Amino acid sequence: LPIIRAQNSPDYIPVANFYKVEAILRPWRIQKVSSALLKIGIRGVTVSDVRGFGAQGGSAERQAGSEFSEDNFVVKVKMEIVVSKDQVEEVIATIIGEARTGEIGDGKIFLSPVADVIRIRTGERGEKGERMTGGRADMFSAGSSST
Ligand code: ATP
Ligand code: GLN
């Protein structure tokens, strides 16, 4: 993560143990993105079908007409990944690496702090709540057979 800045700085990023990486992506790139995420030990991902518009002024993606009616929203996929702080930059780099075409409409990534992660089944919170079977912790622990 970037250097922690003073809380009154305009560049301040809230400090947290966990962050949510929320990426709005081209639907046809999701397969590439998710398989790359699997390779770096990401097991928990939530995906939703969404529609939206960005600037996209004068772009190929922009539909005819300048008015943003519901009919010219562009179909996208939203991917939400909650990870521990030390995985954030790797996840962001992986998403960019797999999702970027360089053309207008590649999407955007939003990063926000997450106060806690609670596994409903067990009631585990914090690091235990965030950790997943086959995840990064498993990948680097001796004797694990990760796929
Ligand atoms: P359990 O071991 O009880 O199954 P789990 O941690 O594996 O717990 P699930 O119950 O499988 O969690 O998760 C349910 C859904 O929550 C997943 O399908 C996914 O959409 C979402 N999810 C889980 N973990 C994350 C995460 N770290 N980031 C984003 N979404 C997640
Ligand atoms: N950090 C978790 C682990 O190593 C995985 C987090 C995730 O899959 N979103 O188990």
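## Surroundings of Q87

Leaving aside residues up to four places away in sequence, Q87 touches I40, G41, I42, E130 and R136, contact meaning heavy atoms within 4.5 Å. Q87 is buried, with a relative accessible area of 6%; buried denotes under 20% relative accessible area, computed with a 1.4 Å probe on protein chains only. The loop between β3 and α2 holds Q87.

## Basis of the description

This is a predicted model, in which local features need pLDDT of at least 70 and side-chain atom pairs count only at pLDDT 80 or more, while totals for chains, interfaces and linings use all residues. Residues are numbered from 1 along each chain as its sequence is written, and side-chain values use heavy atoms, with hydrogens and water left out.

## The sheet

Four strands form an open sheet in the order β2-β3-β1-β4, with antiparallel pairing. Its edge strands, β2 (46-52) and β4 (108-114), each pair on one side only. From one strand to the next, the twist averages 25°. Strands are DSSP runs (E, at least two residues) and helices likewise (H or I, at least four), numbered from the N terminus; two strands pair if DSSP finds at least two bridges between them.

Eight bridges join strand β1 (residues 18-25) to strand β3 (residues 74-84) in the antiparallel sense. L25 stands opposite V77 in β3.

## Helices on the sheet

Helix α1 (residues 30-39) packs on the sheet and touches β1 and β3, its direction making about 10° with that of β3. Angles run from 0 to 180 degrees between N-to-C directions, with axes fitted to C-alpha atoms, for helices over the stretch in contact. Helix α2 (residues 88-99) lies across β1, β3 and β4 and runs at about 10° to β1.

Conventions:
Chains lettered and ligands numbered in written order. Buried < 20%, exposed > 50% of the residue type's maximum accessible area, 1.4 Å probe, protein only.
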